[in-house]
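Colleague: Hello! Could you walk me through this one, a step at a time?

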Amino acid sequence: MYTINQVESIADEIHTQLYKEEDEIINVVEIAKQLGFDVYSSNFSSDIAGMVINSKDKHAIYVNQSDIIERQRFTIAHEIGHIILHHNIKESEFEEVDYRGKNKVFEPKEYEANNFAAALLMPRKKAIEIWKEIEDLDDFAVKFKVSKMAAAIRLQNLGLI
């Protein structure tokens, strides 16, 4: 199990290593591709937001196409969190499948993947900088292209609200 600070550090490292853009809106599909995972839209039932399949034959992230784009972005980042924190990418001789349900009971790895997603989409330094500049939840969420709920939780975890 990881601490929030450890998850934050890992997300920052991934951001630094795999994403060179200076834009606030992180391209999570590009990060997934850099890790060797393709991203697909899927027609899941309404209670599944996404899933990741990591096997020797398939490396893929699936997101629910009926979700709003902000939720899809968070789901992709969440699945990247599972890949980085919970899967052995180099030795995937066996299949690992994680899915993000909308009503799923939180297990520690789901909590970790959510914290990873928030840290990846709203990096600490940039989030603090933007918040000091605008101090408005709606504008903050729009700036990072995340849901208001994700923005509010991230700002609370950073001690900004």
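**A first tour**

Modeller: Gladly! Let us start with Arg124, which is found in helix α5 (residues 124-134); helices are DSSP runs of H or I with at least four residues, strands are runs of E with at least two, and both are numbered from the N terminus. This is a predicted model: local features need pLDDT of at least 70, side-chain atom pairs count only at pLDDT 80 or more, and totals for chains, interfaces and linings use all residues. Residues are numbered from 1 along each chain as its sequence is written, and side-chain values use heavy atoms, with hydrogens and water left out.

Colleague: Is Arg124 buried, partly exposed or exposed?

Modeller: Buried means under 20% relative accessible area, exposed over 50%, and partly exposed in between (1.4 Å probe, protein chains only). Arg124 has 32% relative accessibility, so it counts as partly exposed.

Colleague: Why is strand β2 described as largely enclosed?

Modeller: Strand β2 covers residues 48-54, and it is largely enclosed by the rest of the structure because the buried residues number six of the seven.

Colleague: Which residue in β3 stands opposite Gly50?

Modeller: Two strands pair if DSSP finds at least two bridges between them. Here β2 and β3 (residues 59-64) run antiparallel, with five bridges, and a hairpin of four residues joins them. Opposite Gly50 stands Val63.

Colleague: Which residues have the most contacts inside the largest nonpolar core?

Modeller: A nonpolar core is a set of buried Ala, Val, Leu, Ile, Met, Phe, Trp, Tyr and Cys residues joined through side-chain atoms within 4.5 Å. The largest one has 37 residues, and those with the most contacts inside it are Ile61, Ile80, Met122 and Phe140.

Colleague: How many of the 14 residues of α4 are buried?

Modeller: Among the buried residues of α4 are Glu110, Asn114 and Phe116. This helix is mostly covered, and its buried residues number 11.
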